[in-house]
Amino acid sequence: MADVLPALADTPDGVDADAWTAACAAVRAYCGWHVAPSFTESVTLDGPGTGVLLLPTLHLTALADVTNDGAAVSDPEWSQAGMVRGSWTGRYRGITATMTHGYETCPGEILGVLREAASRGITGSAVSQVGQVRMGGVDGVPGAASFMLEQQAVLDRYVLPVRS
């Protein structure tokens, strides 16, 4: 059964629900992970073939049921930033993990970005620019250009690192 992703944050009173949903989706696409709320999910990952595995999170709170090339990993050493030490396989889809991650509630600074984005009606479907506001997808990331530069600066603190 697939994990069902919970809402990033409830739609505030007086905000259009569709615009809020679109803004939440754009934030998650920009950041590369769900951010909030805390959520338990199972992931299958390509093995890095190195001593450090990067889980798709920046706020890990629990790690369970890790397998490496089919073998259970007992008591893995992990950081809140989502790094896990070990001797990891290099196989594609060679690692599975069940992890609890994400902030308990959506960080306030992201809520501010969401309110501003929802009020502008981010859709990510067209590309246009007026001043600093660009709408649409960029660099293959839907919604990546949907935020003003100041909003991007806030969201950049929650973006997953680039994996080589």
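## Contacts and overall fold

Of the contacts (heavy atoms within 4.5 Å) in the protein chain with a separation of 6 or more, 70% link residues 24 or more positions apart. The model is predicted: local features need pLDDT of at least 70 and side-chain atom pairs count only at pLDDT 80 or more, whereas totals for chains, interfaces and linings use all residues. Residues are numbered from 1 along each chain as its sequence is written, and side-chain values use heavy atoms, leaving out hydrogens and water.

Three helices and nine strands form the secondary structure (DSSP runs numbered from the N terminus: helices H or I, at least four residues; strands E, at least two). Their order along the sequence is α-β-β-β-β-β-β-β-α-β-β-α. Among the 164 residues, 40% are buried (under 20% relative accessible area, 1.4 Å probe, protein chains only).

## Strand S1

S1 pairs with strand S7 (residues 95-101) in the antiparallel sense over seven bridges; pairing requires at least two DSSP bridges. Val-43 lies opposite Ala-97 of S7.

## Nonpolar cores

A nonpolar core is a set of buried Ala, Val, Leu, Ile, Met, Phe, Trp, Tyr and Cys residues joined through side-chain atoms within 4.5 Å. The largest has 24 residues, of which Val-27 and Leu-114 touch the most other members. Helices H1 (17-31), H2 (108-120) and H3 (149-155) are the elements giving it two or more residues; H1 provides the largest share, eight residues.

Leaving aside residues up to four places away in sequence, Val-27 touches Leu-8, Ile-110, Val-113, Leu-114, Phe-147 and Leu-155. Another core, of twelve residues, lies apart from the largest one and includes Leu-53, Leu-60, Val-84 and Trp-88.

Terms used
Buried means under 20% relative accessible area, exposed over 50%, partly exposed in between (1.4 Å probe, protein chains only).
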